[in-house]
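Q: Could you help me read the helices, the sheet and the chain contact in a structure? I would like the general idea and then the case at hand.

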Amino acid sequence: MNGLRQMWRVACYEWFDALRSRRALVVLLLYMATALCNMHWSINLLHKLESELATALQLPQSESTGVVSTALWKSKPFQRIMRQMTQNDAVLRDITGKHPVELIYAWFAFFYTPLLVVLVAGNRIAEDLGSGAVRYVIFRISRSSWTLGKFLGQTLMIGFALFLSGAGAYAVAKYRLAGSAPPDLFENMLQWSGRAWIFSIPYLGLAMGLSHLTRSASKATVMGIIAITFCFVATILLRHFSADTGWRAYLPHFGMLLPGAHKMCLWRSTPAPLATGSAYLLTLGFCYLLTGYAFFRKRDV
Amino acid sequence: MNPAIETTGLVKRYGTRRALDGLTLAVPRFAVLGLIGPNGAGKTTWMMSVAGFLHIESGQINLLGKGPFAPDVHSGRITILPQDSELPPESRPLELLTHYGLLQGLTRQEAARSAAAMLGEVHLGDRLNAPIRSLSHGMRKRVMIAQCFLGYPEVVLLDEPLSGLDPREVAHMRAFLTKRRGHQTLVISSHNLHDIEVLCDHVAFIEKGRAVRLATLEALLGKASTLVYVLTAEPADYALLTAAVPDASLAFDTASSSLICRYDPHRASPGEINNRLLAALLPQCGVITITRGASLETEYLKNL
């Protein structure tokens, strides 16, 4: 109980301190700005696409974006493009009919969250190890409480960033879509932020786990970037080389150790795959973190 | 009474070099112990091992009779001022120390009160909410010292506590630490022998990862049984001096031009010895200073 309380105190202080650190704040603001700009430009693009589609389908032209999205979803070529992009029929079924801006935001959040995580949180532990600040804490609480507290604090920080950018992206969408925004858009955007938050946890575990291995903040960031790049490339390669027979049949099992393998579960609407995927991702996050912690537990500080 | 810190046969290697080579040392409760030794002797390594920062290869540590350092047992009872360790730069002294107080088990009110009081004690009452990064080196050092005394811990390990402070703050800090004598166990590592002499009642000489001597300052310097006279010249007539203090032994150190008088404190008081010896000395030479006991520097150099 005492350990949990101390962990929570470290987490709150970490969150508070991270918000004050200029670097984290700059990255956070950049991420938010990118999310808003992405939404703005995507709506422009969407509007253009819709205009062309409306002309092709001989539908009435509209000034508002998203009005013909229902027709868009019904068109065979668009479905083919989406099937190609998702490579998963179940996901395609679940996202069919959703408003395009929602999906654009979701894609953005899923794609950039790992980078946000590495840039904001990847060096927090290495920084404290390098400066010696950790020495003022670990004679007061256990090393595990410190590590878990830092992790929890950064999780809160990333969640804050994602929900804030979700709300910002909604504001842009609401303004740009004028009256044509669906009533549940805000709720849905926040839901996607929540899913991206879950998706961030294994990357957070990975980046912070690696951060235990070095005293150099910049080295920790570089290691984090290499690690997420590796995860990204390995997921693609494993998917590409997987087959139903022979040794290639085992490749998807290795893929389960990478966050990318569980990403599609977070795109589902049905609770079962969503819960399973989330559980996998949370477990992966803790496993990555605890691997780094196992080294830290034995190291001199 | 159990010692506050008892370390037996500590061994710690950095690569092939043995930083601690079977160091055995016991710090009595409520003692103010000074650790003295050359650079690389193992003083900092010993402190860091005691605080649980370093993993020792062999040996035993017993803190307050409860075994080696464990945060759930010793948190708030043992604190340390580590060397070369920065505080988080964006934090503010008051909130940071309150946070540390909370971590070591104080209530929010106690932590805030203790943090404000300690920062006041180290003359930082007007910089409570200034970012650490905006404080000077000396001010940061004072915040670091203040964090050691949050919640009145039983044992405080201080690695070079006075280095980097201006002379006025050094004097203030000496007074601050002296006040704690007899109430808390302090271990002070310093290269400044004058500081150790003023602050400590016990000293340990550490050489090549071993404790070569542990004694009370009183016994080491012979404060109760030795008078040291720094003279303008060597006395010409020793027979006259010996006759003045027949129960004492006299020796002259030409290097420091000092006459060292050792006497039995049970047979004569230092006042009596001093009066008789001065009466015999002054017709022969001038007396520059008279001190009780040898200087720590002399004793330390003698032990090397």
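Q: What should I know about the model and its numbering before I start?
A: This is a predicted model, where local features need pLDDT of at least 70, side-chain atom pairs count only at pLDDT 80 or more, and totals for chains, interfaces and linings use all residues. Residues are numbered from 1 along each chain as its sequence is written, while chains are lettered from A and ligands numbered from 1 in the order in which they are written.

Q: How do I describe two packed helices?
A: Two packed helices are described by the angle between their axes and the distance between the axes. Axes are lines fitted to C-alpha atoms, for helices over the stretch in contact, and angles run from 0 to 180 degrees between N-to-C directions. Helices (H or I, at least four residues) and strands (E, at least two) are DSSP runs, numbered from the N terminus. Here, helix H9 (residues 185–211) of chain A packs against helix H12 (residues 271–298) of chain A at about 5°, with the axes 7 Å apart.

Q: Which word describes how H9(A) and H12(A) lie to each other?
A: H9(A) and H12(A) are therefore roughly parallel. Angles under 35 degrees count as roughly parallel, over 145 as roughly antiparallel, 65 to 115 as roughly perpendicular and the rest as oblique.

Q: At what angle do H1 and H8 of chain A cross?
A: Helix H1 (residues 2–20) and helix H8 (residues 143–176) of chain A cross at roughly 45°, and their axes come within 7 Å. H1(A) and H8(A) are therefore oblique to each other.

Q: How do I read a sheet?
A: Strands of a sheet pair through backbone hydrogen bonds, either parallel or antiparallel. Two strands pair if DSSP finds at least two bridges between them. In chain B, an open sheet of three strands has the order S2-S1-S4, with antiparallel pairing. Strands S2 (17–27) and S4 (58–63) of chain B are at the edges, each with a single partner strand, so one side of each has no neighbour in the sheet. Strand S1 (residues 5–14) of chain B pairs with S4(B) over five bridges, and B:Glu6 stands opposite B:Asn62 in S4(B).

Q: How many residues from each chain make the contact?
A: Chain A provides 19 residues and chain B provides 25 residues. Two residues are in contact if their C-beta atoms, placed from the backbone, lie within 7 Å. On the side of chain A that touches chain B, H1(A) gives the most, with five residues.
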